[in-house]
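Dear colleague,

Please find below the structure that I am handing over to you.

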Amino acid sequence: MEVSQKREREKKVVSLMIKLYCNKQHHTKGELCEDCKQLEEYARLRSEKCPFMETKTFCSNCKVHCYKPDMREKIREVMRFSGPRMILYHPVMAIRHVIESKKEKKRLEQEER
């Protein structure tokens, strides 16, 4: 998979997770609240500038965390909430993410040996 495709997939997954979080936690209807808009934009920028995109599947698997501490905590909160719910709202994407994450972890383990 090309780096540009990985970046787009990463941005799409994160965007959907933030929307799910915002809709359920902040009771928005289709639009993001200001805090979630800022988080989504920040996550998109981080993904665009990531120098490790070629060697990772998703930010959640990255060993280098480039988010500012406050944004890192916000995105972790979103991931903890939305991750388990993705299977209900976006099952194909959720299953693909799990499979690709496991492949990536296995590949990294083999490289470390």
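The protein exposes about 7600 Å², and carbon and sulfur atoms supply 53% of that area; accessible areas come from the Shrake-Rupley method with a 1.4 Å probe, and for residues only the protein chains shown count as cover. Of its 113 residues, 36% count as buried, where buried means under 20% relative accessible area, exposed over 50%, and partly exposed in between.

Please note that this is a predicted model, in which local features need pLDDT of at least 70 and side-chain atom pairs count only at pLDDT 80 or more, while totals for chains, interfaces and linings use all residues. Residues are numbered from 1 along each chain as its sequence is written, and side-chain values use heavy atoms, with hydrogens and water left out.

Overall fold

The protein has 4 helices and 0 strands; helices (H or I, at least four residues) and strands (E, at least two) are DSSP runs, numbered from the N terminus. The radius of gyration, taken over C-alpha atoms, is 14 Å, close to the 13 Å that the globule rule (2.2 Å times the number of residues to the power 0.38) gives for 113 residues, so the protein is as compact as a globular protein of that length. Along its principal axes, the C-alpha trace spans about 45 × 30 × 25 Å.

Salt bridges

The structure holds 6 salt bridges, each defined as a side-chain nitrogen of Lys or Arg within 4 Å of a carboxyl oxygen of Asp or Glu. One of them joins Arg9 to Glu100, with the closest N and O atoms 2.5 Å apart. This pair links distant parts of the chain, as Arg9 lies in helix α1 and Glu100 in helix α4, 91 residues apart. Glu100 is buried, at a relative accessible area of 19%.

Another salt bridge pairs Glu8 with Lys11 at 2.8 Å between the closest N and O atoms. These two residues are 3 apart in helix α1, and therefore separated by about one helical turn. Glu8 is partly exposed at 44% relative accessibility, whereas Lys11 is buried at 8%.

Yours sincerely

Note on methods: Buried means under 20% relative accessible area, exposed over 50%, partly exposed in between (1.4 Å probe, protein chains only).
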